[in-house]
Amino acid sequence: MTAALTTEMTTPTITARPHGKTRILVNCNAKAMQDPAGRDVLVEQVKSALPDAEVWFTADDVSITDLIERATRDGATLLVAGGGDGTVNAVASAVIGTGRTLGVLPLGTLNHFAKDLTIPFDIEAAVLLLRDGLVCEVDVGEVNDRIFINNSGLGLYPDIVRQRERRQEAGSSKWPAALVSTVYALRRYRLLGIRVMVGAKAMYRRTPAVFIGNNEYTTDNGLEPKRPSLSDGRLALYMPHPSGRARLLWFSLRALLGNSRRLEGFDVLLTESLTIESRHRRLHVALDGEVTIMETPLHYRTRAKALRVLVPTIVR
């Protein structure tokens with residue numbers, strides 16, 4: 001079954017880079033920042049391109065949330081998230097609705113959000129973008145007052161993320177940890193009984209996983225995740241039908257990569273909002289690769305063009 005409640009595709013609003021203070025908030029656990037030498041290089045690059053900007057790093061007793069609060073008190077108008085998608089989510093959550101702008105330094109492993117906005121992965125080029133970029137208004141997804149910039153997941157997906165984090169903390173690299181965690185989760189998964197409400201329409205499903213994208217994903221490049229638009233004002237819901245473990249393994253790996261559009265045997269729904277009900281009072285919910293526990297029902301909606309973010313001059 002494939003259903004769609006669509007809005008017309010809109011053109012992103014582009015404005016000039018904001019004036020005022022720039023504060024660059026760097027997660028030292030990010031892949032590119034674990035080596036202190038890499039941090040020194042970043043500071044020099046920022047000094048060269050943005051002399052008035054300040055670079056702040058997390059520490060054992062300083063979280064990214066602490067840095068965000070400090071930057072907000074400091075009156076920063078451009079808050080730059082230096083890290084992976086989880087760090088970007090944290091900074092974006094603080095920027096939305098304040099008139100401030102988000103900048104992105106893709107220092108993590110996957111960097112889905114930066115990739116979809118064509119932000120360069122080369123750190124020096126990304127720093128120059130903070131000086132020369134334009135402000136684009138893009139969508140975010142929201143569930144029970146928590147935002148996501150890429151996707152949200154239930155069922156198998158948060159189980160895999162939790163197992164992956166444990167294996168990474170034990171010393172495994174990300175991709176081997178993801179593969180082993182996927183296989184482990186598939187050995188013990190249970191079907192999730194849910195009711196999906198879209199307006200007055202209800203869909204009852206028993207499914208191993210639910211994947212909700214902030215705008216629609218395509219599979220034009222195989223496993224490579226791609227969203228043609230981040231300002232289309234839609235959520236994309238994907239639910240695989242109960243099937244063999246091999247097919248679910250394939251779906252789960254593709255979901256981790258942010259790509260599940262053309263896999264046969266699952267429901268697709270494009271909509272501005274939806275509600276997921278369950279007999280469970282609480283569910284594990286993945287948001288941009290971070291897992292939290294939420295009370296049900298889960299109310300999802302798109303917040304169209306709610307996030308101001310610096311991008312290259314060419315955007316989708």
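**Salt bridges and cysteines in a predicted model**

Reader: Which residue forms a salt bridge with Glu-277, and how far apart are the closest N and O atoms?

Author: Glu-277 pairs with Arg-195, the closest N and O atoms being 2.5 Å apart; a salt bridge is a side-chain nitrogen of Lys or Arg within 4 Å of a carboxyl oxygen of Asp or Glu. Glu-277 lies in strand 17 (residues 273-278) and Arg-195 in strand 10 (residues 192-198), so the pair ties together parts that are 82 residues apart in sequence. Strands (E, at least two residues) and helices (H or I, at least four) are DSSP runs, numbered from the N terminus.

Reader: What kind of model is this?

Author: This is a predicted model, in which local features need pLDDT of at least 70 and side-chain atom pairs count only at pLDDT 80 or more, while totals for chains, interfaces and linings use all residues. Residues are numbered from 1 along each chain as its sequence is written, and side-chain values use heavy atoms, with hydrogens and water left out.

Reader: How many salt bridges are there?

Author: The count comes to 13. One of them joins Arg-23 and Asp-74, with the closest N and O atoms 2.7 Å apart.

Reader: Is Arg-23 buried or exposed?

Author: Arg-23 counts as buried because its relative accessibility is 5%. Buried means under 20% relative accessible area, exposed over 50%, and partly exposed in between (1.4 Å probe, protein chains only). Asp-74, at 27%, is partly exposed.

Reader: Now the cysteines: how many disulfides?

Author: The count is zero, a disulfide being a pair of cysteine sulfur atoms within 2.5 Å. Cys-136 is buried at 1% relative accessible area, and Cys-28 is buried at 10% relative accessibility.
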